Amino acid sequence: MSYPYQIKSLAQYHDDYKKSAEDPEAFWGDVASNFYWRKKWDKVLDWNFTEPKIEWFKGGKLNITENCIDRHLATMADKPAIIWEPNNPEERVRVVTYARLHKRVCQVAQMLVNNGVKKGDRVCIYMGMVPELAYAILGCARIGAIHSVIFGGFSAQSIADRLYDAQAEFIITCDGAFRGGKDIPLKSVIDDALIGNRTVKRVIVYTRTRTPVSMIKGRDVWWEDEMDYAETQVEKDGKVFFPAEEMDAEDPLFILYTSGSTGKPKGVVHTIGGYMVWTAYTFVNVFQYQPGDVHFCTADIGWITGHSYIVYGPLAAGATSMMFEGIPSWPDAGRFWEIVQKHKVNCIYTAPTAIRSLMSYGTAPVEGKDLSSLKVLGTVGEPINEEAWHWYDENIGKKACPIVDTWWQTETGGTLISNLAGVTPGIPSWASLPMPGVQPLLVDERGHEITEKDEHGHLKGNLCIKAPWPGILRTTWGDHERCRTNYFATYPGLYFTGDGALKDEGGNYRITGRVDDVLNISGHRIGTAEVENAINMHSGVVESAVVGYPHDIKGQGIYAFVIYNGHHGDENLRRQDISLTVSKIIGPIAKPDKIQFVTGLPKTRSGKIMRRILRKIAEGEIANLGDTTTLLDPGVVDEIKDGKL
Ligand code: WT7
């Protein structure tokens with residue numbers, strides 16, 4: 001595998017950046033021609049941000065699994081596509097070669113067809129981090145079914161909402177998942193999610209933990225049985241064959257639900273051609289991947305990072321992708337470094353929250369581990385603080401590995417702003433330069449371009465992007481208007497990211513965090529409105545307001561102000577009841593870190609909660625609350641200040 005589109009020098013970066021801006025169609029047409037198309041596209045790009053309408057490589061026919069698997073078979077059949085490290089280090093590692101991956105994906109595709117799945121159908125995947133999760137995703141893509149992976153930390157209610165929104169008819173799950181010292185009962189959560197569900201016809205259950213599960217006749221089947229049968233269909237005389245469905249570049253590849261500033265998660269839709277080109281292009285350039293390197297992205301495939309940089313990007317580039325089932329701190333805080341040593345990992349890509357949590361164990365877990373295989377370190381998910389950056393640089397990279405700080409979002413498909421390892425300079429806590437194809441713009445509240453520099457010589461504003469790159473979302477599932485209002489209406493003609501940023505004189509960007517009512521908890525996005533809705537479901541809760549506050553490990557923690565009028569138990573029991581309610585409605589990831597009971601919330605005369613004040617109180621900036629004279633009842637502020645946790 002060679003990558004003619006790999007940027008090799010700073011001069012080439014500037015050159016490619018310029019070309020991509022001046023003639024995006026020529027530039028991306030060239031990049032895309034490095035992939036396998038059954039038929040070439042009619043037009044590289046057609047777009048407007050008003051509807052929005054965004055079409056890349058329209059009319060081009062392909063199947064992404066032929067690009068991620070089949071085309072590598074001639075030269076790399078025996079090369080590892082996926083190396084799977086189990087939760088328990090005593091358990092056997094699985095090395096999945098491209099040939100084996102091909103066979104498994106063909107089997108899954110056949111199994112899905114056998115179970116009635118057709119092109120365009122939605123398949124919900126709720127599994128732990130086992131190789132079968134990757135097979136399931138790719139099996140869907142092979143027959144043109146649209147996968148929607150749901151992270152294992154979401155509750156039955158969240159799954160039910162997503163199943164309904166996507167009108168999904170099929171589910172692939174596991175009996176359970178291993179996560180550190182715990183077994184998570186996935187199938188039983190699915191059973192709860194299916195109470196009252198009218199669309200799901202079939203649930204395929206892979207055995208991982210052999211936790212007892214209920215199996216409903218006519219609905220639930222075992223993965224192993226179905227795969228064994230499918231094997232007899234796809235393998236003849238030692239040859240494996242299952243024809244990949246011919247798809248249009250603009251057919252949907254997957255839906256991934258993500259939170260926004262409203263109470264209801266949105267189904268972000270990515271389409272096949274542009275997403276493939278973008279994930280492979282950014283993978284090869286940001287990490288400066290070289291054939292044979294072992295790439296270890298520590299994310300869960302339930303999030304976009306896992307979709308793009310464990311599965312699609314690496315496989316489209318014919319890479320070797322590490323997949324890890326466990327957590328960083330079990331059996332001890334040296335787990336990542338042991339994996340790096342054991343598998344001679346060349347690039348590790350993780351989140352600032354993981355780095356901060358590992359920092360808290362000191363350097364003992366790193367000592368004695370051979371990390372000399374590492375060439376590149378990466379971070380994603382939230383702004384990385386300088387302390388964590390330096391710890392990563394000194395203790396893991398031994399000051400010899402570039403750190404790529406990759407800024408992107410579920411909606412962007414892949415990285416938009418990042419240094420390119422060893423090619424463009426990295427600056428601690430700055431995401432740095434935009435990828436070719438990405439044209440950022442900083443605007444003020446009214447959408448005017450920021451031109452005045454602050455006292456440090458930086459431009460500071462809301463981060464927008466002027467034109468589409470191949471990996472941009474196309475719509476939100478079932479509700480295109482929602483996509484328009486969420487991303488393209490705040491500043492007409494621009495894609496609005498929801499983030500604030502600084503820009504320096506060298507054109508580098510530093511992301512300062514969300515400017516909307518969205519929290520970033522351990523690199524995971526959660527809307528305050530969503531958490532409030534869940535808290536308000538508790539029978540004793542009258543009203544609530546949720547804000548973020550700085551948290552040493554998670555980056556941000558969830559602080560809830562709650563008006564309560566129930567009578568059950570003391571404050572601590574009530575807090576636990578509320579947490580459990582949130583856990584049932586959204587999932588354990590959305591549980592508040594702090595719950596303060598109050599008798600009133602600061603509201604304007606028109607009844608709007610003044611979150612600015614609550615945010616300041618939660619952050620501990622009590623002395624400087626700003627103007628409170630417009631409040632309906634300024635008295636509540638004193639009470640809230642006095643009760644701060
Ligand atoms: C939000 C997107 C991209 C995959 C993981 C999260 C924040 C992400 C960075 C970074 C500063 C970052 C932004 C963004 N974010 N990467 N390198 N520096 N902030 O995906 O759940 O869609 O969240 O994560 O606030 O908007 P997501």
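1. Buried area here means the accessible area, taken with a 1.4 Å probe, that two parts lose on being put together, summed over both. By that definition, domain 1 and domain 2 bury about 470 Å² between them. Carbon and sulfur atoms give 58% of this area. The model is a predicted one, and the values below should be read as computed from it.

2. The two parts in question are domain 1, residues 98-248, and domain 2, residues 518-642, of the protein chain. Their C-alpha centres are 38 Å apart. On the domain 1 side 6 residues take part in the contact, and on the domain 2 side 7 residues do.

3. Which three residues supply more than any others of the area that domain 1 buries against domain 2? They are G153, F154 and S155, with 57% of that area.

4. The ligand has a shell of 18 residues, and the closest of them are D405, T406, T410, D499 and R525. Sorted by class, the shell holds 6 nonpolar, 7 polar and 5 charged residues. Three elements each contribute at least two residues to the shell: the helix α11 (304-316) and the strands β22 (403-406) and β27 (509-514).

5. Some individual polar distances to the ligand can be listed. For E382, a polar backbone atom is 3.4 Å from a nitrogen atom of the ligand. For P383, a backbone N or O atom lies 3.4 Å from a ligand nitrogen atom. N520 uses its side chain: a polar atom there is 3.4 Å from an oxygen atom of the ligand. As for cover, the ligand taken alone exposes 550 Å², and the protein buries 96% of that.

6. Two cis peptide bonds deserve a look in the backbone. One joins E51 and P52, with omega about -5°, and P52 sits in the loop between β1 (43-48) and β2 (53-58). Another joins W330 and P331, again with omega about -5°. P331 belongs to the loop that runs between β19 (320-324) and α12 (335-343).

7. K398 is placed in the loop between α14 (386-396) and β22, and β22 is one of the elements that supply the ligand shell. As background to this point and the previous one, most residues other than glycine have a negative phi, and most peptide bonds are trans.

Key. Residues are numbered from 1 along each chain as its sequence is written. This is a predicted model: local features need pLDDT of at least 70, side-chain atom pairs count only at pLDDT 80 or more; totals for chains, interfaces and linings use all residues. Side-chain values use heavy atoms; hydrogens and water are left out. A residue is near a molecule or strand if one of its heavy atoms lies within 4 Å of it. A polar contact is a pair of N or O atoms within 3.5 Å; within protein, one must be able to donate a hydrogen and the other to accept it, and residues adjacent in sequence count only if both atoms are side-chain atoms. Accessible areas come from the Shrake-Rupley method with a 1.4 Å probe; for residues, only the protein chains shown count as cover. Helices (H or I, at least four residues) and strands (E, at least two) are DSSP runs, numbered from the N terminus. Ala, Val, Leu, Ile, Met, Phe, Trp, Tyr, Cys and Pro count as nonpolar, Asp, Glu, Lys and Arg as charged, and the others, Gly among them, as polar. Domain bounds come from an automatic or database domain assignment. Contact means heavy atoms within 4.5 Å.
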